[in-house]
Amino acid sequence: MDELKKIIRRGIITSIIILVYGVLSLNKYVYIGMFLGSVFSVVGFYMICLDAKASLASSSPFKVGVVGYLKRYLLYGIFLAVATKYYGFPMLVSGVIGLLSIKINILAVTLFDNIKKFKSKHLK
């Protein structure tokens with residue numbers, strides 16, 4: 001459970017960094033698209049955590065998982081459709097990059113942990 005909190009905390013920090021960078025660079029694609037995509041990414045990850053808990057407690061975990069999956073991707077789809085309709089293709093691309101931020105955070109945490117294990121095992 002600590003790992004999930006750590007990932008969510010890093011996702012929120014990443015969202016704040018994206019917002020500050022977007023405001024400083026005055027780039028609406030960064031501070032609207034990437035920031036909102038990053039926020040939706042954190043919300044989606046939190047929804048995954050809630051769905052996992054609900055699946056463990058449910059008598060039909062497959063149904064709970066599928067409904068949660070559809071809710072998350074409906075949320076992502078609506079966000080990307082609205083961003084594309086009002087701001088065009090560049091906002092779609094920046095929104096997708098923002099949606100990938102939690103996955104990049106997970107990858108970074110995993111790589112960092114593996115490097116630490118490798119260093120402690122092989123480079124004493």
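Predicted model: local features only at pLDDT ≥ 70, side-chain atom pairs only at ≥ 80, totals over all residues.
Q: Which residues form the nonpolar patch on the surface?
A: Phe-62, Val-66, Tyr-69, Leu-70 and Tyr-73 do, with about 560 Å² of accessible area together. Patch residues have over 30% relative accessible area and no salt bridge, with like charges joined within 9 Å and nonpolar side chains (Val, Leu, Ile, Met, Phe, Trp, Tyr) within 5 Å. Areas come from the Shrake-Rupley method with a 1.4 Å probe, and for residues only the protein chains shown count as cover.

Q: Ok, back to Tyr-73. Which helix is it in?
A: Tyr-73 sits in helix α3, residues 61-87. Helices (H or I, at least four residues) and strands (E, at least two) are DSSP runs, numbered from the N terminus.

Q: And why does Tyr-73 count as partly exposed?
A: Because its relative accessibility is 45%. Buried means under 20%, exposed over 50%, and partly exposed is in between (1.4 Å probe, protein chains only).

Q: Which residues of α3 are buried, then?
A: Gly-68, Arg-72, Tyr-76, Phe-79, Leu-80 and Ala-83. Their cover includes α2 and α4, where contact means heavy atoms within 4.5 Å.

Q: Is Asp-51 buried or exposed?
A: Asp-51 counts as buried, because its relative accessibility is 14%.

Q: Let's zoom out. How many helices and strands does the chain have?
A: There are 5 helices and 0 strands, so along the sequence you read α-α-α-α-α. The C-alpha atoms fill a box of roughly 50 × 45 × 20 Å along the principal axes.

Q: How much of the chain is buried?
A: Buried residues are 28% of the 124 residues. The accessible surface of the chain comes to about 8500 Å², and 73% of that belongs to carbon and sulfur atoms.

Q: What about the contacts in the chain?
A: Take the contacts with a separation of 6 or more: 68% of them are between residues 24 or more positions apart.

Q: New topic: α5. How many residues does it have?
A: Helix α5 covers residues 101-122, so that's 22 residues. From first C-alpha to last, α5 reaches 31 Å, close to the 32 Å expected. The expected span is 1.5 Å times one less than the number of residues.

Q: Which residues of α5 are buried?
A: Ser-101, Ile-102, Asn-105 and Val-109. Looking down the axis of α5, these buried residues fall within an arc of 110°, so they line one face of the helix. The arc is that of the directions from the helix axis to the C-beta atoms.

Q: What covers the buried residues of α5?
A: The cover includes α1 (2-25), α2 (28-57) and α4 (89-99). The face turned away from the buried side carries the exposed residues Ile-104, Leu-107 and Lys-121.

Q: Which residues does Ser-101 touch?
A: Leaving out residues up to four places away in sequence, Ser-101 touches Thr-14, Ser-38 and Ser-41. Ser-101 is buried at a relative accessible area of 6%.

Q: And Ser-38, where is that found?
A: Ser-38 is in helix α2, and at 0% relative accessibility it counts as buried. Beyond its neighbours within four places, Ser-38 is in contact with Gly-11, Thr-14, Ser-15, Ile-18, Gly-98, Leu-99 and Ser-101.

Q: Last one: which residue has a positive phi although it is not a glycine?
A: Leu-26, with a phi of about 55°. Most residues other than glycine have a negative phi. Leu-26 lies in the loop between α1 and α2, and it is exposed, with a relative accessible area of 72%.

Conventions:
Residues numbered from 1 in each chain as written. Heavy atoms only, no water. Salt bridge = Lys/Arg side-chain N within 4 Å of Asp/Glu carboxyl O.
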